[in-house]
Amino acid sequence: MVIAEIYEQAARRVLERCERLAALSALPDGILRAYLTPEQKQANAQVGQWLTEAGMSTWLDAVGNIWGRYEGKKENAPALILGSHLDTVPYAGRYDGILGVLNAIELVHMLHEQGRRLPFAIEVVGFCDEEGTRFGSTLIGSKSVAGHWQDDWLALEDDHGITLAKALHNFGLDPNRCATAGRHCDEVIGYWEVHIEQGPVLEAEDLPLGVVTGIAGARRSNIRVSGQAGHSGTTPMHLRKDALAGAAAIILAIENTAKKFGGDVVATVGQVFARPGAVNVIAGDVILSLDVRSQNDTVRDQVLLAINDSVEAIVALRGLTFSWTHTHSAPAVLCDGKFQAIFADAIAATTHAQLASKFLPSGAGHDAMAMADLCPVAMLFIRSPGGISHHPDEGVIPQDVALSLSVMMQALESYAATTEVS
Ligand SMILES: [Zn+2]
C-alpha cells in the first residue's frame with residue numbers, strides 16, 4: 001500500500017514528538033505525567049507551542065486542559081474537536097493518549113500549510129486527567145468540558161495529602177472557576193479521537209486501523225465468600241467450609257459465564273483477598289473483585305445475574321454464604337453511526353479498498369466516553385503491537401501512524417463536504 005510522502009513525513013514528526021513528551025516525566029527511569037504536576041505544565045507548554053506553530057490560537061481551560069483552535073471559513077463557526085489525553089499512568093508507554101493529540105495537531109498543520117479552511121472550526125484538545133493517576137479520579141478533564149465538573153472533587157487527596165483544590169491553586173488555576181471549563185453543545189459538532197487500541201484484536205487480524213463502535217460499560221463489584229476458618233491439620237476434608245476453595249470454583253464459573261455469553265463480554269477477577277491468610281489456616285473469608293464489561297448494558301447486567309446464579313449454586317453446595325458490594329458502574333457509550341461510516345469510507349478510499357474496515361468495541365475507557373454527553377463522538381484505533389499498553393514496551397508501527405493521518409484527513413474532507421451540502 002502506498003502512503004503519500006506528506007503523511008509519512010507527518011508520522012515521523014508525530015513519533016519524534018512522542019519521544020520529546022516522553023522525556024517530560026516525574027520518574028528517572030520511566031514515564032509518569034500526572035495531573036497538575038510540573039510535568040503537566042511542561043507538556044502543556046510544549047504542546048501549546050506546537051498548536052501555535054500549526055496555526056491555532058491556544059488557551060488553557062479552567063481545569064488544565066490545553067486547547068488550540070483553527071477557525072473555519074467563517075469565524076466563530078461551531079467546532080469539531082480532535083484530541084485525546086496528555087497524562088499518563090506510572091511507567092507508561094509513549095503513545096497512549098499522546099498520539100491522538102499529536103496526530104490532531106499534524107492534521108491542522110497540513111490544512112494551515114495549504115491555506116485551507118473547512119466549513120467548521122477545528123479545535124485540538126490535550127486532556128489533563130484521563131488516567132486518574134494522582135487523585136484516583138478519572139476523566140476530570142473531559143468530564144469538565146462536557147459540563148460535569150463536580151465540586152466534591154476539590155476534596156480528593158493525592159498520596160501526599162495534597163487536595164485537588166490546593167493542587168489547582170499551585171498550578172495557577174482557580175478552584176472556584178472549574179465549572180467554567182464546560183462547553184455548550186451549540187459550539188461543538190463532534191469529538192474525534194485517534195487512540196492506540198491497547199489490545200490484540202487488530203494485530204490478530206493483520207489490520208493497521210479499526211473503527212470503534214462504542215466504549216464498553218463497566219460494572220465492578222466485590223463478592224465476599226464466607227465459610228469457617230480452621231486448623232489445616234486438624235479439620236478433615238469433609239468437615240470443612242473452605243471459603244477459598246469455594247472462591248476458586250466461583251472464579252472459574254465467572255470465566256465460563258463470560259465465554260458462554262460470547263460477543264464482546266469480558267469478566268475478570270483481578271484480586272483475591274483471603275483471610276486470615278496463613279499457610280496452616282483454612283480461609284474463612286474471601287473477597288473477590290469482579291469487573292464485567294460489554295458494549296450492551298442489558299447484556300452486561302444479564303451476565304451479572306448469571307454469575308449470581310452460579311455463585312448461589314456453588315456456595316449452597318459447599319455450605320458457604322456470600323454477599324455482593326457494587327463499587328462502580330459506567331454505562332456503555334455508542335460511537336456516532338454517521339461518523340463511523342465516514343471513518344470506514346475514509347479507510348476504503350485511502351487504501352483503495354485494499355483494507356477491510358474493521359469495526360470493534362473498546363473495552364477500555366476513553367475521553368470520548370465523557371465527551372459523548374456533550375456531542376456525537378467517534379474513535380479510530382491504531383494497531384498495538386503485541387497488544388501492549390500502560391507499559392514502557394507500548395509501541396506503534398510508523399506506517400500505521402502515517403495511514404491514520406491519511407485516513408483522518410480523508411474523513412475531515414468527507415465530513416466537510418457533507419456539511420457544506422447541508
Ligand atoms: Zn488513553
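User: In this predicted model, what makes β6 and strand β15 (residues 359-362) a pair?

Analyst: Three bridges join β6 to β15. Pairing takes at least two bridges, so the two strands pair. They run parallel. Ile215 stands opposite Ser362 in β15.

User: What makes β6 and strand β14 (residues 333-334) a pair?

Analyst: Two bridges join them. The cut-off is at least two, so β6 and β14 pair. These strands run antiparallel. Gly214 has Leu334 as its bridge partner in β14.

User: How do you know that β6 also pairs with strand β16 (residues 377-382)?

Analyst: Three bridges link β6 and β16, and the strands run antiparallel. At least two are needed, so this is a pair. Leu209 has its bridge partner, Ile382, in β16.

User: Why is strand β6 (residues 209-215) called largely enclosed by the rest of the structure?

Analyst: Seven of its seven residues are buried, so β6 is largely enclosed. Buried here means under 20% relative accessible area.

User: Turning to Asp61, how do you know that it has no salt bridge?

Analyst: The nearest side chain of opposite charge is Arg183, 7.0 Å away. A salt bridge must be within 4 Å, so Asp61 has none.

User: What makes the link between the side chains of Asp61 and Asn65 a polar contact?

Analyst: The distance is 2.9 Å.

Terms used
Residues are numbered from 1 along each chain as its sequence is written. This is a predicted model: local features need pLDDT of at least 70, side-chain atom pairs count only at pLDDT 80 or more; totals for chains, interfaces and linings use all residues. Side-chain values use heavy atoms; hydrogens and water are left out. Buried means under 20% relative accessible area, exposed over 50%, partly exposed in between (1.4 Å probe, protein chains only). Helices (H or I, at least four residues) and strands (E, at least two) are DSSP runs, numbered from the N terminus. Lys and Arg count as positive and Asp and Glu as negative; His and the chain ends are not counted. A polar contact is a pair of N or O atoms within 3.5 Å; within protein, one must be able to donate a hydrogen and the other to accept it, and residues adjacent in sequence count only if both atoms are side-chain atoms.
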